[in-house]
Amino acid sequence: MSRRPFAGYVGALALAGVAAACLMAWYGTRQPGSTFDSAVSNATDEALVRQGEYVARASDCVACHSLPDGPAFAGGLKMATPLGAIYATNITPDDNAGIGKYSLADFDRAVRHGVAPGGRRLYPAMPYPSYAKLRDEDVRALYAFFMSGVRPSERANTASEIPWPLNMRWPIALWNALFTDSSPFTDQAGKDAQWNRGAYLVQGAGHCGSCHTPRGLAFNEKALSESGTPFLAGALLDGWYAPSLRNDPNTGLGRWSEEEVARFLKTGRNQHAVVYGSMTEAFNNSTQFLTDADLGAIALYLKSLPGDPVRDGPAWQYQSAEAAAFSSPGGHLYLTRCASCHGADGKGQNEWMPPLAGATSAMTPIADSAINISLNGALRVVSAGVPDAYRMPAFREQLSDQEIAAVVSFVRTTWGNQGGKVDPNAVARLREHTDPASPTPIVLHMR
């Protein structure tokens, strides 16, 4: 081959590479269109601000964008990711540290598309794949609330700890193209208004799938609606196993009635369980503030999702524990450390001390929740402004890894529970990467 054709071939390849790089740079930093590009918002309308406050409650914006000792929505919460820690940002209407200079279109692009002004891509720790389903009227109301119903804060944002080049954000645009759907929610034909309202709240503002739907290799939710069977089928996240919200009788809501689901979201407890782990913060700052009608719609929708008998196994049935079972190391620890609250029969005490017999954390193959709460205890539940008088204590200073593994294994293999035994190494792993639950709950007044 002569030098001239070879040089031309190399030049063509270089030109194609430059063109591809330019195209990817444009695609990665472009600002998507917004239905509000030419819209003007009356962000001071009090009725709109109140509606936005309700949507913010339903969306649980407080949980990620606030710290217990800081102003509401001023950011700063540290969130671990496989690439490094990131920090929630200030979303108060401060012109410099917050979003005070955002137009309604800017706000819409950030909330529903994950793109900040200037084309900066947001990490999908911000649940914009779910918020994409928000309707225009709720986005407009949210904007009014954040601009007129939230006090500005000058708290500076904290830079992420993700190292270069992993912190480059333009690839997120490609991730979005593969794994998100930017279409707002539309009512499903053949379903009544209550079902569609529940679906809208669960899939959109509530972003329930962010925790309860399993993730793929690219950390994408495997389904964003009931059209995919993995949707809300349970997932491990940050040391907690968010259980199935489908009608799985062992690991989900199969044994719960609609009324019991709604009661759990309204009061934080029912005869089956008490909120704990990450769900405590969602309850303390979000679900209990929803109307009874909306909680009923959520319950109706969740109870319409079929379970998976193959995945879930034979339905749980209570089995009495023989006296000999309590002579084992785990059984003895249970009698001395746990039975006074949860009962020697594992049935708990009404709605105040949750049952461990048949508990989801004792039925799932993934034991992280049972280990985590045994190590670190539980946040205090605050219902209607009143803190719960009972709180699961932390045992990390009192029990060794071997002892916690023994008692958790006892719970997960007794009274018909099918979760199985746990290894002390699993306890050691969570001991290293988790912290005791704060006795002070994160409960914030938004204005």
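Q: Helices are DSSP runs of H or I of at least four residues, and strands are runs of E of at least two; between which of these elements is Leu 232 found?
A: In this predicted model, Leu 232 is found in the loop between helix 9 (209-212) and strand 5 (235-237).

Q: Why is Leu 232 called buried?
A: Buried means a relative accessible area under 20%. Leu 232 has a relative accessible area of 0%, so the residue counts as buried.

Q: Where is Trp 415 found, and what is its phi?
A: Trp 415 lies in the loop between helix 17 (401-412) and helix 18 (424-433). Its phi is positive, about 60°, although Trp 415 is not a glycine.

Q: How do you know whether Trp 415 is buried or exposed?
A: The cut-off for buried is under 20% relative accessible area. The value for Trp 415 is 2%, and the residue is therefore buried.

Q: What kind of peptide bond joins Trp 164 and Pro 165, and where is Pro 165 placed?
A: The bond between Trp 164 and Pro 165 is cis, with omega about 5°. Most peptide bonds are trans. Pro 165 is located in the loop between helix 6 (136-148) and helix 7 (171-179).

Q: Which residues does UniProt list for "binding site"?
A: The unreviewed UniProt entry lists Cys 61, Cys 64 and His 65 under that feature. Cys 61 is in helix 3 (residues 61-65), and Cys 64 is placed in helix 3 as well.

Q: Why is Cys 61 called buried, and why is Cys 64 called partly exposed?
A: Under 20% is buried, over 50% is exposed, and values in between are partly exposed. Cys 61, at 11%, is therefore buried. Cys 64, at 30%, falls in between, so it counts as partly exposed.

Q: Which residues of the largest nonpolar core touch the most other members?
A: Phe 73, Phe 107, Phe 146 and Leu 302 do so, in a core of 71 residues. Helix 6 gives the largest share of this core, eight residues. Apart from this core lies another, of 27 residues, among them Trp 316, Tyr 334, Ala 339 and Ala 359.

Q: What does Phe 107 touch, not counting residues up to four places away in sequence?
A: The contacts of Phe 107 are Ile 99, Tyr 102, Val 139, Leu 142, Tyr 143 and Phe 146.

Q: Which residues does the UniProt annotation "domain: Cytochrome c" cover?
A: The annotation, from an unreviewed entry, covers residues 47-150, 193-306 and 325-415. Over residues 47-150 the chain is 43% helix and 8% strand, with the end C-alpha atoms 15 Å apart.

How values were computed
Residues are numbered from 1 along each chain as its sequence is written. This is a predicted model: local features need pLDDT of at least 70, side-chain atom pairs count only at pLDDT 80 or more; totals for chains, interfaces and linings use all residues. Side-chain values use heavy atoms; hydrogens and water are left out. Buried means under 20% relative accessible area, exposed over 50%, partly exposed in between (1.4 Å probe, protein chains only). UniProt positions are given in the numbering used here, feature names are shortened, and annotations may be inferred rather than shown by experiment. A nonpolar core is a set of buried Ala, Val, Leu, Ile, Met, Phe, Trp, Tyr and Cys residues joined through side-chain atoms within 4.5 Å. Contact means heavy atoms within 4.5 Å.
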